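Me: I'm new to this structure and would like to learn how to read it. Could you walk me through it piece by piece?

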Amino acid sequence: MILQQVGDYLKQKGQATLADIALHVDADESAVRGMLERWVRKGLVERRALASGCGSSCDKCAPAATELYVWKEFEKVMEQPLPFPTCK
């Protein structure tokens, strides 16, 4: 089931953007967003929106590349917040 693949991928990575997750499970970003929202409602995932991925205001980053999801249990194990990714 794709929902489980999404959860497994996020557990393994700790955090990932919507675009990365959608690419990994080969699914549409809007469908993956809906699956992630199920994990958010269960309290296992936190959604973080990056205002501007690289710190600039050029708006060249795709919205899915700045929508970050974090598996909460991974962050607890690390005992510190994960750093935000930056645009390349």
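Me: Let's start with strand pairing: in which sense do S2 and S3 pair, and over how many bridges?

Reply: Two strands count as paired if DSSP finds at least two bridges between them. Here S2 (45-49) and S3 (67-71) are joined by five bridges and pair in the antiparallel sense. For one spot to look at, find Val45: its bridge partner in S3 is Trp71. Before we go on, this is a predicted model, where local features need pLDDT of at least 70 and side-chain atom pairs count only at pLDDT 80 or more, while totals for chains, interfaces and linings use all residues. Residues are numbered from 1 along each chain as its sequence is written, and side-chain values use heavy atoms, with hydrogens and water left out.

Me: And where do the names come from? What does S1 do with S3?

Reply: The names follow DSSP runs, numbered from the N terminus: helices are H or I with at least four residues, strands are E with at least two. S1 (15-17) runs antiparallel to S3, with three bridges joining them. Within S3, Leu68 is the residue opposite Thr17.

Me: How many residues of S3 are buried?

Reply: Buried means under 20% relative accessible area, exposed is over 50%, and partly exposed lies in between (1.4 Å probe, protein chains only). In S3, five of its five residues are buried.

Me: Which residues of H3 are buried, and what do they pack against?

Reply: They are Val32, Met35, Leu36 and Trp39. These cover an arc of only 100° around the axis, which puts them on the same side of H3; the arc is that of the directions from the helix axis to the C-beta atoms. Going by contact (heavy atoms within 4.5 Å), they pack against H1 (2-13), H2 (18-25), S2 and S3.

Me: Which residues are buried in H1?

Reply: Leu3, Val6, Gly7, Tyr9 and Leu10 are. They fall within an arc of 165° seen down the axis, so they line one face of H1. Their packing partners are S1, H2, H3, S2 and S3. Just after H1 comes Gly14, with a positive phi of about 90°.
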